[in-house]
Structures are given as C-alpha cells and as structure tokens.
Amino acid sequence: MLSEKSIEAVRATLPAVRGALGQIASVFYGKLFAAHPELLRDLFNRGNQASGEQQQALAGSIAAFASALLENPGTPPETMLSRIAHKHASLGITPDQYAIVHTNLFAAIAEVLGGAVTDEVAAAWSEVYWSMADALIAIEARLYAEAGTPGGDVWRDYRVVGCLPDNDVVTFLARPVDGSPPPASRPGQYVSVQVELPDGARQIRQYSLSGAPADAVQFTVKKVVGSPDGEVSNHLHERVAEGDVLRIGAPFGDVTLEDGDGPVLLASAGIGCTPMISMLNHLAATGSPRRVIAVHADRAQGTHAFRADLDQLVAKLPDATAHVWYEDPGSPWPADRTGLVDLTAIGIPEGITAYLCGPLPFLRAVRAQLRELGVPAADIHYEIFGPDLWLAQD
C-alpha cells in the first residue's frame with residue numbers, strides 16, 4: 001500500500017508517465033541488455049523483443065498497477081499479478097533479478113522524463129515498483145513451494161520419447177532423465193522449454209500441455225513461419241527427435257479447469273486448441289457429466305490440429321457438443337459454420353464458465369459475445385500466448 005505522500009505524487013504524474021511508458025520501456029530494455037546481455041540471450045524472448053510486444057506489455061502492466069493502487073489502495077490487482085507471477089515462475093525468476101530491473105528501469109525513467117523526475121517523484125514511483133515486485137515475489141515463492149521447486153530451481157532434463165506430427169504441429173512426449181515421475185499438472189497449464197540455438201543462445205518458450213499421460217510430459221508446438229519468434233518452434237520441429245534431451249520447466253499457468261458440475265465452454269482458435277484439448281482429455285478421463293460446449297475456429301480443415309481428438313473426446317462425454325468454424329474450409333463445409341465464430345448460433349446455458357485461448361482478435365470477439373449473452377466477466381477466463389497485451393488494458 002502506498003503512502004499518502006506517494007499517492008499524491010503518483011496521481012499527479014501518472015498521465016505524464018503513462019504517456020511516456022512506451023519510450024521508457026524501450027530505453028529500459030536497451031539499458032538492461034547492455035548491462036546484462038545474458039538476459040536477452042538466455043532468458044528474454046528475442047522474438048517478442050524484436051516485435052516490441054514485450055515493451056508494450058511491460059508499459060501496460062506498470063500503468064495498470066499504478067492505476068489500481070490509486071483506485072483501490074488496499075486491494076492489489078490480483079488477476080494481473082497472478083498472470084505475471086505464473087509466467088515468471090515458469091522461467092525460474094528469482095528475487096535478486098527484481099533489483100536489476102529496478103536499477104535499469106529508473107535509469108530509463110530519469111533519462112526519458114528528465115527534470116520532471118524530482119526526488120519525490122522518483123521515490124513515489126519506486127514505491128509503486130516495489131509494491132508490485134514484493135507482491136510478485138511473494139506469489140512466486142508460494143508457486144515454487146507448491147511445485148516443489150524452492151528458490152526457483154524449476155528446470156529438469158527430459159528425454160524425448162515421442163514426436164507425433166499433426167498438420168503443422170508436433171506433439172512431444174518427454175520423460176525425466178533421472179527416472180523420477182513427471183510433475184503433477186492441471187489441465188490448462190504450460191511448461192517452459194529451453195533449447196540451445198546455433199548461435200549459442202539458450203532461448204525459452206512456453207508451450208501448453210496438451211495431455212497428461214502418467215509417465216511423461218506432453219506438449220504441442222506449432223511451427224511458426226516468417227516471424228522472429230519462430231526460432232525455437234522451428235528448432236524443435238527440425239532438430240529435435242526421439243532420444244534427444246530437452247530442458248523443461250515445471251508446469252505453471254493460472255487458467256486451469258475448475259472443479260465443479262456446472263456447464264463449461266471451451267473456445268479456441270488455431271493452436272489455442274492445445275489447452276482446451278488438455279481440458280477435454282481430463283473431462284473424458286474422469287467421466288465428467290458436465291455440460292461441455294467445445295468451440296474451435298481455424299483457417300481451414302487442413303490447418304486444424306487435434307481435429308480427430310476433438311471429435312473422439314467429445315464423443316466420450318455424456319453431455320458434450322463440438323462446434324467448428326473454418327474461414328476457408330477448402331472443401332464442402334456447412335455455410336453456417338463458415339467464417340467467424342457466432343456463439344448465438346449454439347445457445348449458451350446460464351451459469352456457464354468459459355475458457356478461451358487463441359489470437360487476441362478472437363479473444364476479444366468471443367468475450368464480447370459472451371458478455372452480450374449475459375455471462376459475467378468473472379466467469380470468462382482466457383489464455384494468450386506471448387506477452388499479455390490485453391490484461392493490463394482490460
């Protein structure tokens with residue numbers, strides 16, 4: 001909670017800081033990587049840095065956190081903090097790294113805003129930063145304890161025991177090299193995978209768990225073409241085979257299937273189907289009697305990963321239906337299922353809990369439809385791959 005003096009200073013300077021956050025974030029990352037090049041090489045996603053998405057996400061989260069403290073001083077934005085903490089935990093972030101960020105971030109603020117950053121203003125925004133950092137450190141410590149990875153030691157060596165291609169995706173099965181059982185996970189979670197690229201960088205990406213076999217970790221990777229962010233997915237597709245060893249982190253992720261008997265909507269687009277397939281696998285394995293509505297959108301039938309799995313899993317459930325839309329089916333397909341998803345065409349029951357995963361435009365459109373249909377915002381959960389450019393603005 002901010003002091004009264006800091007609240008006044010932050011309130012007075014928030015418009016100026018918010019307007020300059022994009023530039024501040026850019027200068028900050030430049031300073032951070034100049035001082036610690038190993039962070040760009042082995043921790044931060046180089047693709048997100050190249051696209052600017054990470055800068056946008058950082059700027060949005062700081063502004064949103066400061067605004068939340070001003071509006072509700074005693075109530076931190078728990079949803080945003082949880083989302084960030086799970087991402088950090090999946091990377092093994094440790095408390096000492098927050099001090100490194102603070103040093104470079106405030107050097108960037110001083111450089112961009114110049115004389116406007118008085119000692120009082122700097123102290124107030126430092127208080128904002130450490131309020132956010134301390135909250136994240138506490139959540140991450142709890143996550144590490146729950147995962148049995150104290151101190152953020154989340155990484156283990158896994159041997160690939162299966163590579164299953166499906167259209168432009170590959171599902172990997174991997175077992176711990178030391179023979180221990182794989183860690184427990186919840187449907188909807190993801191793991192971090194670290195690979196060494198030809199230039200020596202050890203880049204990390206998160207991939208959703210697409211199932212939970214008893215003796216292996218199962219995650220699915222779509223090959224990304226024509227994007228800087230595709231260097232890891234391409235490496236996994238082209239260079240990793242059965243018998244190879246990968247560094248894989250413990251499962252994390254705060255968008256997970258909640259227990260209960262109420263109806264659920266699992267809505268996905270493209271490779272966003274992976275956490276939904278995991279949830280369907282769990283529901284089918286437990287013989288769930290819940291009303292389940294599975295919705296998927298894709299460009300064409302030929303790009304729809306897990307198409308057969310979707311039909312098979314839905315058929316195993318006593319009260320489940322699947323609804324699929326293709327923008328360009330490529331072969332005969334019902335006209336009312338061609339184009340974009342229209343939830344009004346399928347009927348959404350009262351009391352439904354919705355889980356969404358896919359590109360940001362899809363998430364926005366489906367969430368808007370659900371809100372128009374009367375679904376409370378608190379009952380709509382979403383997972384987005386890459387920096388969350390939506391949560392800080394939502």
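**Exercise 1.** Over the face of which residue does Lys87 lie?

*Solution.* The model is a predicted one, in which local features need pLDDT of at least 70, side-chain atom pairs count only at pLDDT 80 or more, and totals for chains, interfaces and linings use all residues. Residues are numbered from 1 along each chain as its sequence is written, and side-chain values use heavy atoms, with hydrogens and water left out. A charge counts as sitting over a ring if NZ of Lys or CZ of Arg is within 6 Å of the ring centre and within 35 degrees of the ring normal. Lys87 lies over the face of Tyr190, at 4.5 Å from the ring centre.

**Exercise 2.** Describe the aromatic pair of Tyr29 and Phe33, and then that of Tyr29 and Phe44.

*Solution.* Start from the criterion: rings of Phe, Tyr and Trp (its six-membered ring) pair if their centres lie within 6.5 Å, and planes under 30 degrees apart count as stacked, over 60 as edge-to-face and the rest as tilted. Tyr29 and Phe33 are stacked, at 5.6 Å centre to centre with 25 degrees between the planes. Next, Tyr29 and Phe44 form an edge-to-face pair, at 5.7 Å centre to centre with 80 degrees between the planes. Tyr29 lies in helix H1 and Phe44 in the loop between helix H2 (37–42) and helix H3 (46–51), so this pair ties together parts 15 residues apart in sequence. Finally, ring pairs link Phe28, Tyr29, Phe33 and Phe44 into a cluster.

Conventions: Helices (H or I, at least four residues) and strands (E, at least two) are DSSP runs, numbered from the N terminus.
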